[in-house]
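The sequence and structure come first, and the notes follow by topic.

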Amino acid sequence: MSRSEQLFERAVTCIPGGVNSPVRAFRSVGLNPKFISRADGAYIYDVDGNRYTDYVGSWGPMILGHNNQEVREAVIRAAENGLSFGAATEAEVEMAELICSLVPSIEMVRMVNSGTEAVMSAIRAARGYTGRDKIIKFEGCYHGHSDALLVKAGSGVMTAGVPDSAGVTAGCTKDTLSAVFNDLESVENLFRENDGKIAALIIEPVAANMGVIEPEEGFLQKLRELCTDNGTVLIFDEVITGFRLQTDGAQGYYGIRPDLTTFGKIIGGGMPVGAYGGKREIMECVSPVGNVYQAGTLSGNPMAMAAGLAELRILRDNPSIYGHINSLGDLLRRSLRDLFEKYGKNYQVTGTGSLCCVFFTGTRVTGYGTAKTSDTEEFSRYFRYMIEHGIYLAPSQFEAVFLSNAHTKEDIAEMLNVVEGYLKEAAT
Ligand code: PLP
C-alpha cells in the first residue's frame with residue numbers, strides 16, 4: 001500500500017472524508033487523494049516521491065509557481081517578529097495602499113481570512129448601504145460556502161432561493177435570487193420582478209467554478225448598467241481572476257468598474273486571506289465607521305500580509321509575468337483544440353489568460369446548463385490517465401487549469417503529449 005493510501009486510511013477515521021475541503025477527496029474521479037509533501041516551481045511531490053507537473057496551483061494563489069523564494073523569505077522574516085498581534089500593523093496599511101493603487105475601483109479595502117468571508121462581508125456591506133435585502137447571483141458561480149450563497153437553483157426553480165446544502169435553512173437563502181450566466185434577460189426579469197429590492201448583484205466576471213466560462217461580449221457592461229439604473233451594488237467576485245488576468249483583474253481586462261470587489265487566493269501568496277473593497281461611501285458603512293459589523297481575530301495577520309505583499313509587488317514590478325502566463329494559456333488552448341480536431345473530438349476548450357478548461361461535449365458552453373452537458377465519466381478517465389502520467393489536474397470537471405509563471409513551453413509540450421497519449425488510448 002502506498003504511503004498516500006496509508007495516510008488516507010488514517011485520515012478518514014478522524015477527518016470527514018479524509019480531507020479539509022471536499023474536492024480534495026478525488027471522489028468525483030473515483031480515486032483516493034495523493035498526499036502532498038512539498039512543491040517547488042511548477043511541480044508538486046507526493047509522500048511516495050512521485051513528481052507531478054501541477055496545474056492546480058493551490059487553486060489559484062501560486063501564480064508565481066510554488067515555493068517562490070521572495071515570498072517564502074518575506075514570510076520567514078515576518079515570523080521572526082511574532083505570528084499575530086491582534087493589533088494594527090504597518091504591513092496592513094501597505095497592503096491596503098497597494099491594492100488601492102493597483103485596482104482603480106478600490107478606494108478602501110478590508111482584509112479578511114478567506115474568499116468566503118470576503119463575499120459574505122461584501123454582501124453585508126451592500127445590504128447595509130442600500131437598506132435592501134435581496135441579492136442576485138448566477139447559477140454555477142461559486143462564492144464560498146456561506147449560507148446565503150449556497151444556492152444555484154436548478155432549471156425548474158430558477159429564481160427561487162433553494163439551498164444546495166443540508167444545514168442551510170430556507171430562511172437563509174430566501175433573499176438569494178439566481179440568474180443565468182450570459183443570459184441578460186434572466187437578469188432583467190429578476191430586476192423587474194423585484195423592483196427596488198435588490199441590494200447587490202454578484203458575479204464571477206469570468207466564471208471559473210463551473211469549468212471556465214467567459215462572459216459574452218457586452219454582458220458585464222449590461223450588468224453594470226442594470227445595477228446603476230436600479231441602485232444595486234455591483235460586486236465582482238475576483239477571488240480567482242483578481243491579479244491573475246492582469247494586476248487590475250477581470251475588471252481591468254473587460255473595462256468595467258464594479259462598486260465592490262472581493263479577493264482571496266493570490267493576494268495571500270498561499271497564506272489564508274481574503275479582502276473586500278470598493279467605493280468609499282459603501283466601505284464607510286463598515287464598522288467601526290459605520291453600522292455594518294464585520295471583524296476577525298486574525299484578519300490582516302502579519303504572515304498573510306508579508307506573503308501577499310511580496311507576491312503582489314512581484315506581479316506589479318514584472319508585467320512580463322502576465323505576458324508569459326497568458327501566452328502559455330493561448331498556446332495551451334490552441335494546441336488542445338488542434339489535438340482534439342486531429343482525433344475527431346468535438347470537445348470545448350475554454351478559458352482566457354492563464355485559465356483553461358476542457359469540456360467533454362460538442363455543445364458550446366456558455367453557462368451552467370451547457371457546462372453540465374460535459375461527459376463527466378470521460379473527464380474521470382482523462383483525469384486518471386493524466387495523473388498516472390505525471391500531470392496533476394484539479395480532480396473535477398468543473399474547475400480550472402491554472403498556469404503559473406513557473407510553467408514553461410516544455411511543460412505545455414509535455415502535457416500535450418500526455419493528452420495525445422490519452423486520445424490514442426481512447427481511440428483503441
Ligand atoms: N469566490 C470564488 C470565485 C472562489 O473561487 C472561491 C473559492 O474557490 C471563493 C469565493 C471562496 O474562497 P475560499 O475558499 O478562500 O473561502
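Which residues surround the ligand, and which of them are the closest? The ligand is surrounded by 15 residues, the closest being Ser114, Gly115, Thr116, Gly144 and Val239; a residue is near a molecule if its C-beta atom, placed from the backbone, lies within 6 Å of it. The model is predicted: local features need pLDDT of at least 70 and side-chain atom pairs count only at pLDDT 80 or more, while totals for chains, interfaces and linings use all residues. Residues are numbered from 1 along each chain as its sequence is written.

**Ligand shell**

- Helix α4 (residues 115–130) supplies the largest share of the shell, 3 residues. Helices (H or I, at least four residues) and strands (E, at least two) are DSSP runs, numbered from the N terminus.
- By class, the shell holds 5 nonpolar, 8 polar and 2 charged residues. Ala, Val, Leu, Ile, Met, Phe, Trp, Tyr, Cys and Pro count as nonpolar, Asp, Glu, Lys and Arg as charged, and the others, Gly among them, as polar.

**Lys265**

- An unreviewed UniProt entry places the feature "modified residue: N6-(pyridoxal phosphate)lysine" at Lys265. UniProt positions are in the numbering used here, feature names are shortened, and annotations may be inferred rather than shown by experiment.
- Lys265 sits in the loop between β9 (260–264) and β10 (274–278).
- Why does Lys265 count as buried? Lys265 has 27 C-beta neighbours inside 10 Å; the cut-off for buried is 20 or more other C-beta atoms within 10 Å of the residue's own, with 12 or fewer for exposed and partly exposed in between, and C-beta atoms placed from the backbone.
- Leaving aside neighbours within four places in sequence, Lys265 is in contact (C-beta atoms, placed from the backbone, within 7 Å) with Trp59, Gly60, Pro61, Gly115, Val239 and Ile240.

**The sheet of 7 strands**

- The strand order in this open sheet is β4-β10-β9-β8-β7-β5-β6, and the pairing is mixed; two strands pair if DSSP finds at least two bridges between them.
- At the edges are β4 (108–112) and β6 (176–179), each pairing on one side only.
- β9 and β10 run antiparallel and are joined by 5 bridges. Leu260 has Gly278 of β10 as its bridge partner, and Thr262 stands opposite Tyr276 in β10.
- β4 and β10 also run antiparallel, with 5 bridges joining them, and Val112 stands opposite Gly274 in β10.
- In β10, 5 of its 5 residues are buried. Gly274, Tyr276 and Gly278 point one way, and Ala275 and Gly277 point the other way. In a regular strand, side chains alternate between the two faces of the sheet.
- Helix α3 (residues 90–102) lies across β4 and β10, at about 125° to β4. Axes are lines fitted to C-alpha atoms, for helices over the stretch in contact, and angles run from 0 to 180 degrees between N-to-C directions.

**The sheet of 3 strands**

- This open sheet has the order β11-β12-β14 with antiparallel pairing. β11 (348–350) and β14 (401–402) stand at its edges with a single partner strand each, so one side of each has no neighbour in the sheet.
- β11 and β12 (residues 355–359) are joined by 3 bridges, and Gln348 stands opposite Phe359 in β12.
- Helix α11 (residues 320–342) lies across β11 and β12, running at about 15° to β12.

Conventions: Contact = placed C-beta atoms within 7 Å.
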